[in-house]
Amino acid sequence: MNTTITTAPRTLDLGGAWELTWAAGPEDSPDYATSGTAINATVPGQVHTDLLAAGLLEDPDVGLREADQLWIGHSRWTYARRFDWDGTAAERTELVADGLDTFATVRLNGQEVAVTADQHIGYRWDVAQMLVRGKNLLEITFGSAWDAAHECEAEVGALPRPYDEPYPFVRKSACNFGWDWGPHYITAGIWQPIRLESWSRTRIVSVRPDTVIDGDAARVSVAVGLEHSGTTSDADVTVTAVLTAPDGSVAARSSVPADATDVVLGLDVADPLLWWPTGLGDQPLYALTVTVDGSGDVLSEEERRIGLRTVVVEEEPDDAGSTWAFVVNGRRVRVRGYNWIPDDPFIAEVTEERLGQRLDQAVDGGANLLRVWGGGYFSTEEFMAGCDERGLMVWHDFLFACAAYDESEAMIDAVTVEAEQAVARLSAHPSLVMWCGGNECVWGMYDWGWPEILDGRPYGAAFYTEVLPGVIARLDPSRPYVPNSPWSGSPDKHPNDRDTGPVHIWEVWNNVDYVHYRDVDPPFVSEMGWCAPPAWSTLRRVVTEGDLVPENPQVAHHMRAGDGMEKLARGLAPYFGTPATAEDWHYLTQVVQARSQAAGAEWLRARERCAGVVIWQLNDCWPVLSWSAVDGDGIEKPVWYALRRAFADRMLTIVPVTSGSTEDPTGPDGLEVVLVNDGLSAWTADVVVRRFALDGTEVGRETIGLTAAPDGTARSVLPAALTVVATDEFLVADTDGLRSTWFFAPDATLAPIEPRFSARAVVDGGSLRVTVHAETLLRDLCLFADRLADPLGVPATQLEVDDMMLTVLAGETATFTVRRRDGGTLAAPADLSDAERFPVLRCVGDTPSSSVPTGEDEAGGGAAR
């Protein structure tokens, strides 16, 4: 029979409806599993999400139910799907699995296709000889990652890690095994797309553009990886790259013969539109189309959206050691960022809408960089494209976290493939500005007792200093690379040395009061953080019994940080003592988190040496007490608002000239007012600094003129008369709508003042506006929109407020606006009084009686900032 070979590529999507069956597992597995009955499954997805969708698993986030799902990770599961194949004749027909989690045996029509052992690798297998015309059966059986990890541990020997979980022995998302902010959900499943691809002659494997900018011209070198079927001459096959400008015009075109497995096409662009980080310019994206053509047929085609920019990390000697700063398009970029963790334990739950909301929360909160932490998985295209569009720079760890790793040949081979695939896939994104070898994988050798456990065995250094930089040198040579975070420039020097490279500041949260952020002046901070509960509604949703207090077992279950409750209490002590109620504990721990991160970020940004502050962390993956600024239900904590001010392009702050202490935060050398200007133009401002008694009486004033250059600071030491330490007085600095305050002692030592205020709530134009009039000083005034869900008849997760953590002086007013996140309108309920009082409105020192009735005609004073 004559068969005509099809040259045009064809794809058969195998996602969608599958069947899932329990194959084996613990004896106490539930009856619905051991019965052998198949349930409906969705691909991409994971076993947990399929069981949840089938109503067979209750939400494991709630109460203590996490323990009820542990059997899932100890079981074997089989996914099965029947599909029709039309017998397409092509030189290659391949089964392509972009991601299998993790230990999988793949069978097609009863024949074994492959066995896999790496969640982070995409696979491609030639299955042409296994397919039959008509009905086909694809089955994928997943073994227990837990069991596989323990088996590997028995072979390799103990590897040091922070938790008694075997995650470093397997190439799977480390945080699946639990973390100090995450649950133990050991997942399995077809977590990425799966399909059949038929192609002939030549296909595109990768597209890796690299940009050089010289004056008013750019050169884009497009490295194209090719695979040839090997059965047909490629003499007439060509590769063409076309770059289309944002306005739709063709900016450049180039063609070369497809006569190798790697070809490079040069594209010269006149007057390029440069991609800039948010706040420094626009983010124009060019369309890059690469086509393989043979005898007039399109054999393969790939498209990318790319941005034209350059990036380097600048390290220059200085008096303390050396600088460490990102330079984009020749301009230093002071980083204000967050660490990013997986937004959900089950990636299928992260919808495009949810991802967009998180990225918007990063940008709206003043961030210009997200660091993708190494204990999760490589970023999705949706994540990277969202960062490209928003001007969010991305620092991306390779997938190593807080542990020693086996340097066997098999592990090195697996990691090499992981890195090659990730670099080839992600390198087109302009937002990607840094590759990093891993997280805290060198630090452990110095401070965490690893040498005694390893007893001469390697800890993984070869990955960070040889394997990964080798991949970068071959596939992405112009992208900066740092071997680990923290990193001091050499494996022979303590990695968290404060004089060079990116540092982690964890001694503050772990041991001391947050004023000690001011003890350091590093060149760059890639981690620092402070814990607090999620929104009240978020925690209440999963704590089904008892009060929201640390002693409640369900609350304690949702705190994973080591000695976390004790550290929260230590942080509260100098300011608020021991809160008497659940309401106060929840609010005041959130206040301390907000104050701590704002204090640290403002100090570091005011130091001219520090070129970046990356907070741990932006997001959460479940309802947990953690370091996040946005909780697991997507609700911003007070720290998000405090950091939005600390991360603003123009920041005003009062800081000590040199570091102080909890008892005397002013320090020995007085205070200074500082302008930090990350904008594009100079900032000239008259800063009014006033000194007040706690009762609201103004006792001193000074106006200071300052000019901060772009990417610069301006500072002035305050007159001694303004900075004499007094526990019953405080400072307020105002300029251009910005405000900074300074209190000379912690709250617990201040003369007590009962806050008094009135509030009026109205629904106007589909939004709720709550105007607060201060009769006394109001500190850290917050409106908690999630607590209005019932009176407004809107889910708590759909309500957002425009500001929190306000300082309102006696006689001033502050107005909060509450809106729906989805853009819908709020209807006015019959009673709005809940929005005008405790616990929706909170400030430091308040009680349920702090809010007094307000009349229709009450006049306000000046506006708070």
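Colleague: Where is the place of proline 60 in this chain?

Modeller: This is a predicted model, and in it proline 60 sits in the loop between α2 (47-53) and α3 (70-73). Its relative accessible area is 2%, so proline 60 is buried, since the cut-off for that word is under 20%.

Colleague: Which residues is proline 60 in contact with, leaving aside its neighbours within four places in sequence?

Modeller: Under that exclusion, proline 60 is in contact with Leu52, Arg65, Glu66, Gln69 and Tyr185. There is also a C-alpha separation to note: proline 60 and proline 183 are 123 residues apart along the chain, and their C-alpha atoms are separated by 9.2 Å.

Colleague: What percentage of the residues is buried, and what share of the contacts with a separation of 6 or more comes from residues 24 or more positions apart?

Modeller: Buried residues make up 61% of the 865 residues, and residues 24 or more positions apart account for 71% of the contacts with a separation of 6 or more. As for the surface, the chain exposes about 31,300 Å², of which carbon and sulfur atoms supply 49%.

Colleague: Turning to the aromatic rings, what describes a pair of them?

Modeller: A pair of aromatic rings is described by the distance of the centres and the angle of the planes. The structure holds 38 aromatic pairs. In one of them, the rings of tyrosine 79 and phenylalanine 142 have centres 5.8 Å apart and planes at 85°, so this pair is edge-to-face, a term used for angles over 60 degrees. The pair links distant parts of the chain, with tyrosine 79 in strand β4 (residues 76-85) and phenylalanine 142 in strand β9 (residues 134-142), 63 residues apart. Both tyrosine 79 and phenylalanine 142 are buried.

Colleague: Why is the pair of tyrosine 185 and phenylalanine 346 called stacked?

Modeller: The ring centres of tyrosine 185 and phenylalanine 346 are 5.5 Å apart and the planes are at 15°, so the pair is stacked, the word for planes under 30 degrees apart. This pair, too, links distant parts of the chain: tyrosine 185 lies in the loop between β11 (182-184) and β12 (194-199), and phenylalanine 346 in the loop between β23 (335-340) and α5 (352-364), 161 residues apart. Tyrosine 185 counts as buried at 1% relative accessibility, and phenylalanine 346 counts as buried at 5%.

Colleague: Which residues form one aromatic cluster?

Modeller: One aromatic cluster is formed by Trp506, Trp509, Tyr514, Trp530, Tyr575, Phe576 and Trp627.

Colleague: What should I look for in the backbone, and where are the cis peptide bonds?

Modeller: The angle to read is omega, and a cis peptide bond with omega of about 0° joins valine 43 and proline 44. Proline 44 is in the loop between β3 (39-43) and α2. Another cis peptide bond, with omega of about 10°, joins tryptophan 616 and glutamine 617, and glutamine 617 lies in the loop between β30 (612-615) and α16 (638-646).

Colleague: What is the phi of serine 295, and what is that of aspartate 780?

Modeller: Serine 295 has phi near 55°, a positive value in a residue other than glycine, and this serine lies in the loop between β18 (286-294) and β19 (297-306). Aspartate 780, which is not a glycine either, has a positive phi of about 55°, but its place is in strand β40 (residues 778-783), where it counts as buried at 7% relative accessibility.

Colleague: Finally, is serine 537 buried or exposed, and what is it in contact with?

Modeller: Serine 537, found in helix α12 (residues 536-542), is buried, with a relative accessible area of 17%. Leaving aside its neighbours within four places in sequence, serine 537 is in contact with Ile635, Asp786 and Ala796.

Note on methods. Residues numbered from 1 in each chain as written. Predicted model: local features only at pLDDT ≥ 70, side-chain atom pairs only at ≥ 80, totals over all residues. Heavy atoms only, no water. Buried < 20%, exposed > 50% of the residue type's maximum accessible area, 1.4 Å probe, protein only. Contact = heavy atoms within 4.5 Å. Areas by Shrake-Rupley, 256 points an atom, 1.4 Å probe, with all protein chains shown as cover. Phe/Tyr/Trp six-rings, centres within 6.5 Å; stacked < 30°, edge-to-face > 60°. Helix = DSSP H or I, 4+ residues; strand = E, 2+ residues; numbered from the N terminus.
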